[in-house]
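Dear colleague,

Please find the structure below, followed by a summary of what was found at its interfaces.

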There are 4 protein chains.
Amino acid sequence: MFITMKKIRMGMVGGGQGAFIGAVHRIAAFLDGEIELVCGAFSSNPQRSIESGKALYLPEHRCYDSYQEMILCEEKLPEEMRMEFVVIVTPNHLHFPVAKMAIEHGFHVLSDKPATISLDEALRLKQLLEKHDQLYGLTQTYTGYPLIKQARHLIATGELGNIVKVVVEYSQGWLASKEDETSKQASWRLDEKQSGISCCMGDIGVHAANLAEYVSGLNMAELCADITSTVAGRTLDDDGTVLLKFSNGAKGVLLASQVALGDENNLKLRVYGDRKSVEWSQLESNTLWLKSNTEATQMIRAGVGDLCAAAKQAMRTPAGHPEGYLEAFANIYSNFAKQIRAKNAGEVCDNQLFDVPGIEQAVRGMAFIENVVQASASNEKWHPFSLKSDSNMGEE
Amino acid sequence: MFITMKKIRMGMVGGGQGAFIGAVHRIAAFLDGEIELVCGAFSSNPQRSIESGKALYLPEHRCYDSYQEMILCEEKLPEEMRMEFVVIVTPNHLHFPVAKMAIEHGFHVLSDKPATISLDEALRLKQLLEKHDQLYGLTQTYTGYPLIKQARHLIATGELGNIVKVVVEYSQGWLASKEDETSKQASWRLDEKQSGISCCMGDIGVHAANLAEYVSGLNMAELCADITSTVAGRTLDDDGTVLLKFSNGAKGVLLASQVALGDENNLKLRVYGDRKSVEWSQLESNTLWLKSNTEATQMIRAGVGDLCAAAKQAMRTPAGHPEGYLEAFANIYSNFAKQIRAKNAGEVCDNQLFDVPGIEQAVRGMAFIENVVQASASNEKWHPFSLKSDSNMGEE
Amino acid sequence: MFITMKKIRMGMVGGGQGAFIGAVHRIAAFLDGEIELVCGAFSSNPQRSIESGKALYLPEHRCYDSYQEMILCEEKLPEEMRMEFVVIVTPNHLHFPVAKMAIEHGFHVLSDKPATISLDEALRLKQLLEKHDQLYGLTQTYTGYPLIKQARHLIATGELGNIVKVVVEYSQGWLASKEDETSKQASWRLDEKQSGISCCMGDIGVHAANLAEYVSGLNMAELCADITSTVAGRTLDDDGTVLLKFSNGAKGVLLASQVALGDENNLKLRVYGDRKSVEWSQLESNTLWLKSNTEATQMIRAGVGDLCAAAKQAMRTPAGHPEGYLEAFANIYSNFAKQIRAKNAGEVCDNQLFDVPGIEQAVRGMAFIENVVQASASNEKWHPFSLKSDSNMGEE
Amino acid sequence: MFITMKKIRMGMVGGGQGAFIGAVHRIAAFLDGEIELVCGAFSSNPQRSIESGKALYLPEHRCYDSYQEMILCEEKLPEEMRMEFVVIVTPNHLHFPVAKMAIEHGFHVLSDKPATISLDEALRLKQLLEKHDQLYGLTQTYTGYPLIKQARHLIATGELGNIVKVVVEYSQGWLASKEDETSKQASWRLDEKQSGISCCMGDIGVHAANLAEYVSGLNMAELCADITSTVAGRTLDDDGTVLLKFSNGAKGVLLASQVALGDENNLKLRVYGDRKSVEWSQLESNTLWLKSNTEATQMIRAGVGDLCAAAKQAMRTPAGHPEGYLEAFANIYSNFAKQIRAKNAGEVCDNQLFDVPGIEQAVRGMAFIENVVQASASNEKWHPFSLKSDSNMGEE
């Protein structure tokens with residue numbers, strides 16, 4: 001008998017017309033044909049929400065005025081029809097309330113980063129997830145790149161030896177001047193109420209921090225930070241550097257900037273071991289360099305040779321057909337869909353092969369932001385990397 | 001009143017499980033969320049067609065045993081439900097019969113390249129399209145790259161001056177050895193009955209030729225060719241070089257190879273004018289080099305600065321978020337969908353802004369293949385580029 | 001009347017057979033045919049000194065047993081025959097005593113970096129030079145690159161606007177393991193008695209610091225440092241990062257490493273202004289990137305277009321004939337020779353056009369090393385960049 | 001007893017003030033400190049010859065009015081004083097007469113390329129050398145690069161398997177317009193009387209041809225050519241492409257251009273075997289790519305890992321200290337000096353390790369030029385590569 005299989009059903013909060021990241025999330029969701037958008041609360045403005053939904057081929061009754069309405073109405077729909085997960089693509093201050101309500105009403109959640117507006121919220125989200133049987137994913141996009149998975153694999157399998165140094169950099173130039181502040185993307189990021197206590201570290205430093213830990217397999221243990229508001233009149237940081245000590249004693253440097261004029265989206269990672277080292281740049285994402293002192297550097301390319309399983313399953317085309325940012329993003333969606341599908345079927349998903357950043361990364365990311373801001377304000381050099389929030393009882 | 005808008009409905013011929021290019025077409029179609037797959041005849045094996053359709057979330061009754069059945073059954077469905085266009089992703093020998101039947105039954109056609117198995121068929125397809133009001137598109141993928149459109153724009157607006165030289169190269173290494181012939185992709189391409197009279201020129205030379213003409217705005221006028229079957233036992237070419245004279249007197253060189261061991265999908269184009277020149281490589285597709293003798297070379301990047309309208313509308317993300325092959329492919333789908341939507345609405349589509357390679361490119365591509373094979377067999381050096389087929393009355 | 005012109009006559013201290021940097025200095029001196037080697041004390045071992053001199057085509061009587069002997073004997077030779085300047089290519093601890101004696105006996109000095117073994121010595125050298133009419137040059141090699149001069153010119157002429165950020169990195173991997181310590185180059189650098197209080201910062205950090213100040217035109221004002229002895233058993237640093245505040249308030253980051261396994265001699269500089277930014281890498285030394293947020297990045301190439309006078313005079317070949325490290329080094333020699341020739345002729349040399357790093361750079365370099373080591377040992381974050389030595393009365 | 005060793009003594013013909021290639025030759029000769037310039041006939045204008053020599057620190061009596069005078073006068077000098085070899089850096093038409101007279105008077109000859117103005121002259125030069133015991137070297141500069149020697153080694157030792165394809169390209173843009181013709185360099189190259197029957201193929205095509213044969217170890221056997229005078233009013237070619245068949249059946253393509261606007265000195269070589277392939281670009285001369293279909297591409301770098309002896313001895317600095325064009329040039333001088341020194345000492349020089357292009361390359365280079373010009377004029381496609389000159393009895 002032929003049983004028609006169904007796509008995974010997604011509802012979206014935020015991402016109305018004109019929003020950048022919402023459109024990116026939709027492409028990432030659609031690309032592999034495994035997920036369909038079934039509803040949305042695309043804007044705090046109900047009319048714009050409807051217009052946005054219509055342009056996305058949704059029926060009127062599933063274009064909601066608010067996320068609360070969406071969650072409540074979808075909950076009442078027949079199971080085979082209602083959304084299965086909520087993707088949150090709003091400014092940061094709404095990440096937690098939306099995620100909380102969705103989880104409490106039985107929906108899985110995929111959230112844009114940073115996870116919440118504060119470490120406190122992240123810790124509360126963690127507590128919440130411990131009580132509910134819902135999946136939670138965080139779109140730390142850059143972990144979705146195949147060769148990032150290969151780099152992680154090389155390190156995990158000892159190819160680099162002991163890690164002694166990690167250098168990660170994320171530099172952009174789009175906030176280099178006062179004039180750049182008028183765009184929708186810029187204005188909320190520079191507003192502490194919507195963005196949290198950091199702009200640069202919260203927006204991109206958190207990606208760099210996540211990538212460094214994800215690939216190296218190490219945790220940050222201590223840090224020294226210097227963040228700056230370069231452009232006059234800003235209260236939040238637009239640039240900064242963090243010196244790091246990792247759990248195994250390795251040293252690290254994390255550079256982040258939004259005023260690196262002329263830099264596009266320049267995320268680079270280098271991890272040095274005592275046997276070999278790796279180097280990767282997001283702008284040339286299909287190449288991973290594996291270096292040693294005594295042999296020719298290997299240019300590992302997506303699609304060429306014997307890559308690890310997680311890298312292989314994260315590619316869609318043969319070598320030389322460049323995949324990029326949207327495909328990396330889609331890999332997170334694809335893996336999240338696989339996890340939902342497994343859960344629906346009562347099966348165990350291979351979360352190594354189909355990994356999605358989750359609540360641990362969410363908490364560590366928010367801790368990174370708060371630790372950096374506090375360390376930067378201090379004239380003491382080194383500070384332990386703390387997972388405790390001042391205003392929360394939550395502990396790991 | 002809220003009228004729910006609908007996606008463009010696509011039926012697919014070919015592209016069953018295990019096929020490479022079918023999966024690529026689906027990603028390209030899905031990526032922007034404007035097109036839905038509603039039916040398919042995915043394989044000449046009915047059972048595999050059904051399995052493939054099921055895995056693509058289709059209902060059983062729209063997984064057809066053959067393209068003939070698909071076209072006949074879909075035709076009878078209510079207009080708002082039936083497919084609007086057929087995408088053809090079979091081996092070459094089926095391109096024409098499928099396209100012909102689809103057009104005659106009122107469906108638009110988007111075809112993988114090369115358009116047909118012979119110039120004769122391409123000319124007959126052209127005659128057919130003159131009699132029917134259907135849209136025809138050809139997925140010459142590389143024209144979908146934003147910076148290829150920018151290069152074309154720079155040339156069309158005179159930035160390069162008079163074009164004096166065009167060098168285009170497309171080198172791959174995947175057919176470098178006897179052992180490489182066993183894959184599904186290799187076996188039909190090396191079989192004249194399914195592939196036509198050329199393997200290398202028919203599969204990738206035709207892309208290079210199209211790109212050279214598309215960007216330069218020039219037509220090939222004369223050629224001298226040398227094609228080779230490098231690997232023992234092959235009857236079709238796996239390597240070749242073509243010397244060119246263009247309509248304006250410019251010289252050109254086209255290199256194509258499937259035995260360039262270690263080359264991935266190395267498509268490169270350089271166009272030299274008497275004022276400036278441009279250089280582009282598919283492997284670094286987000287960069288276009290604009291060169292002169294007296295000023296610093298400009299590194300034009302996708303998303304940076306003032307690009308032409310056609311380039312801008314072909315990008316989805318800001319600078320530094322690399323888009324690649326799948327997005328270029330999706331641009332052809334997106335533009336084809338816009339053309340269908342305009343036609344449905346009785347509106348005029350801006351075919352410059354939303355361009356899709358069509359029947360002219362189809363004919364020129366097939367003429368390129370046949371001219372090259374004939375010229376290579378001759379010990380006369382130069383041959384006019386002819387659009388006449390020996391076995392056809394069709395003329396341009 | 002024809003007066004035969006004469007080359008500038010050089011005596012060398014250090015650089016006997018097997019030494020790396022001595023051979024490099026000789027190539028740099030010889031390359032332009034303006035300087036001849038007339039004598040040397042190539043080794044503390046008299047026999048090796050003679051063997052080395054013989055292999056360099058010197059007569060026996062000008063191969064000296066010690067630098068003291070060389071200075072005393074050369075002083076007695078007829079003026080038109082005796083050496084005019086001494087180049088010092090010994091380990092660091094001898095730089096000052098050799099320079100001191102040479103200056104006191106009326107010879108100009110060109111010294112390898114770092115200038116001395118301590119800031120104290122550098123300040124004493126400065127005092128000495130104020131009392132003698134001798135030229136002093138320091139081979140901060142990387143300032144000799146044409147495009148470094150062009151970058152400096154662009155900044156000095158305001159093309160970048162106000163400088164807001166400087167990132168400089170110098171990473172090597174040649175000391176990544178215990179086994180690497182046995183080479184002649186490694187052993188003295190890791191020995192505090194010959195090298196001074198720092199290995200990594202003293203050997204390469206000082207180059208990075210110099211380059212950052214040379215190009216940006218800014219002085220370091222405050223710093224925060226973290227240096228590390230990565231490989232077990234080392235007493236001196238082999239890796240480190242320095243956070244910087246420059247005199248105008250700009251922030252900076254300086255990374256240096258000798259344990260960055262697989263990195264060759266990876267010196268990179270980026271300077272960000274509020275209008276434009278520049279980027280340069282020593283490994284691709286003939287390219288300078290000039291970036292902005294709104295226009296295509298300019299790839300400025302050695303030999304192409306309208307470069308500044310200092311850059312132009314630092315090149316010997318047309319565009320596309322790569323010059324590199326030895327030519328950059330030779331530029332310092334060539335400029336030093338021009339300064340000597342001008343002095344001999346009683347003329348004023350254009351020290352902007354024919355610049356040679358001198359005693360100011362020498363003092364700042366030694367101050368950099370000592371400030372970094374002290375700051376790293378402190379758990380206070382920020383330290384003023386001090387030009388005072390604890391053991392010296394010298395002030396700037 | 002200490003015997004002072006002596007540098008090899010060089011006399012120069014051509015290369016007076018303002019000449020490009022003469023200055024390059026002198027740098028190449030001086031760089032390693034093994035060769036000294038002792039005399040010259042730098043210009044056909046005696047006064048300019050003297051001025052040039054004076055600026056090069058020569059005494060008046062060794063600045064000659066003509067090459068004839070130089071050869072005759074030097075011959076009479078005491079053996080330990082007189083020049084040992086003549087370097088010829090004149091326009092092409094003088095290469096043969098100078099070389100002939102020098103050889104006949106007992107001097108070794110190092111000549112700029114192309115060897116002569118015609119194949120006939122090259123064959124006569126070969127006959128002459130068979131009768132005299134003088135060394136003859138030809139500065140096919142690009143064979144001096146260390147990684148070119150490594151590429152050659154990899155092929156000679158079978159690492160690439162059987163060679164199936166060679167692509168070599170040499171593109172420059174400096175003659176792209178009428179205005180570019182006024183420079184000294186341009187004017188003689190475009191004048192058949194000084195340059196010979198080809199400009200582009202004679203000046204740079206001959207380098208590309210030499211490099212292809214040198215690295216691949218194969219000889220050209222047949223060719224098809226298309227050369228062009230792109231800029232109006234030129235009689236000699238400024239652009240061209242040559243299709244090749246090599247002695248083992250491998251195919252090849254040689255592209256050369258002086259009107260490739262914006263290209264600097266873009267010499268690139270790719271050799272494809274049936275096991276692996278190599279790729280090298282002169283603009284990034286310290287990198288050699290070794291590619292396969294199944295493994296990561298190896299980035300072989302000058303100074304890293306286990307290179308062949310000929311490559312190692314052609315480098316002066318450790319990895320990451322870029323050497324370039326002048327050092328490659330100096331390698332030819334250095335090897336030529338070693339050959340002279342061995343000959344003087346009655347020893348056998350290892351001409352594999354210290355190789356210098358010689359008379360065989362001279363003849364093949366002139367044959368290449370003449371074969372290409374003749375083949376281009378014919379409308380027959382393929383022509384055998386002939387070593388016979390129409391006007392000469394010489395045979396190989």
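**Interface of chains B and A**

R301(A) and E264(B) form a salt bridge, with their closest N and O atoms 2.8 Å apart; the term denotes a side-chain nitrogen of Lys or Arg within 4 Å of a carboxyl oxygen of Asp or Glu. Between chain B and chain A the count is 2 salt bridges.

The model is predicted: local features need pLDDT of at least 70 and side-chain atom pairs count only at pLDDT 80 or more, while totals for chains, interfaces and linings use all residues. Residues are numbered from 1 along each chain as its sequence is written, chains are lettered from A and ligands numbered from 1 in the order in which they are written, and side-chain values use heavy atoms, with hydrogens and water left out.

Chain B contributes 42 residues and chain A 43 residues to their contact (heavy atoms within 4.5 Å). The buried area is about 3,600 Å², of which carbon and sulfur atoms give 65%; this is the accessible area (1.4 Å probe) that two parts lose on being put together, summed over both.

**Interface of chains C and B**

Here 12 residues of chain C are in contact with 12 residues of chain B. The area buried between chain C and chain B is about 790 Å², with 65% from carbon and sulfur atoms. On the side of chain C, A296(C), T297(C) and M299(C) lose the most area to chain B, together 48% of what that side buries.

Yours sincerely
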